[in-house]
Amino acid sequence: MKRRLPSYLNHVKRGDGSKNGYCAGECLSQYQDCLKLQQTRALEFNGTNEAVDWLKQHRTELLVGTVIVIAGVAFVTLSAGAGLVVLAPVVLVAG
């Protein structure tokens with residue numbers, strides 16, 4: 001909010017609340033998406049039981065394409081339709 005807007009947005013003024021409205025409507029969602037992407041990293045588990053427990057607890061948070069490492073083997077999450085998420089070995093996805 002402290003930074004100036006680009007010159008093509010000179011019509012958006014700070015004092016009347018339009019800058020806040022513009023930033024909340026246009027920029028905030030993109031900024032939050034960027035923060036989420038920065039937090040994505042490969043999930044690593046030592047055993048399958050630990051991985052399955054974590055997956056059950058966080059199934060709504062998983063993004064398709066998330067890399068999960070279980071006992072040194074990399075898997076990627078795929079959508080199988082109807083909200084079903086499947087772990088596929090990365091070797092199968094690359095081929």
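Guide: A residue is called buried under 20% relative accessible area, exposed over 50%, and partly exposed in between, with a 1.4 Å probe and protein chains only. The structure is a predicted model, in which local features need pLDDT of at least 70 and side-chain atom pairs count only at pLDDT 80 or more, while totals for chains, interfaces and linings use all residues. Residues are numbered from 1 along each chain as its sequence is written, and side-chain values use heavy atoms, with hydrogens and water left out.

Visitor: Does Ala71 count as buried or exposed, and why?

Guide: The relative accessibility of Ala71 is 54%, and because this value is over 50%, Ala71 counts as exposed.

Visitor: Where does Ala71 lie, and what value does its phi take?

Guide: Ala71 lies in the loop between E2 and E3, where strands, like helices, are DSSP runs numbered from the N terminus (at least two residues of E for a strand, at least four of H or I for a helix). E2 and E3 form a hairpin with two residues between the strands, and the phi of Ala71 is near 50°, a positive value in a residue other than glycine. Most residues other than glycine have a negative phi.

Visitor: How many helices and strands are there, and how do they follow one another from the N terminus?

Guide: The protein has three helices and four strands, and from the N terminus on its elements run α-β-α-β-β-β-α.

Visitor: What makes E2 and E3 a pair of strands?

Guide: Two strands pair if DSSP finds at least two bridges between them; E2 and E3 (residues 73-79) have four bridges in the antiparallel sense, and so they meet the rule. Among the partners across these two strands, Val67 has Val76 in E3, and Ile70 stands opposite Val73. E3 is also joined to E4 by five bridges, again antiparallel, with Ser79 opposite Val85 in E4.

Visitor: Which strands are called edge strands, and why?

Guide: The four strands form an open sheet of mixed pairing in the order E1-E2-E3-E4, and E1 and E4 (85-89) are its edge strands, each pairing on one side only. Neighbouring strands are turned by 30° against each other on average, direction ignored. H2 lies across E1, E2 and E4 and runs at about 135° to E1, where axes are lines fitted to C-alpha atoms, for helices over the stretch in contact, and angles run from 0 to 180 degrees between N-to-C directions.

Visitor: What makes up the largest nonpolar core?

Guide: A nonpolar core is a set of buried Ala, Val, Leu, Ile, Met, Phe, Trp, Tyr and Cys residues joined through side-chain atoms within 4.5 Å. Here the largest one has eight residues, namely Leu43, Phe45, Ala51, Leu55, Leu62, Ile68, Ile70 and Phe75. Strand E1 (43-45), helix H2 (48-57) and strand E2 (67-70) are the elements that give two or more residues to this core.

Visitor: What makes Phe45 and Trp54 an aromatic pair, and what kind of pair is it?

Guide: Rings of Phe, Tyr and Trp (its six-membered ring) pair if their centres lie within 6.5 Å, and planes under 30 degrees apart count as stacked, over 60 as edge-to-face and the rest as tilted. The count by this rule comes to one aromatic pair. Phe45 and Trp54 are 5.9 Å apart centre to centre with 50° between the planes, so the pair is tilted.

Visitor: Is Thr77 buried or exposed, and how do you know?

Guide: Thr77, in strand E3, has a relative accessible area of 1%, which is under 20%, so it is buried. Not counting residues up to four places away in sequence, its contacts (heavy atoms within 4.5 Å) include Thr66, Ile68 and Val86. Thr66, placed in the loop between H2 and E2, also counts as buried because its relative accessibility is 16%.
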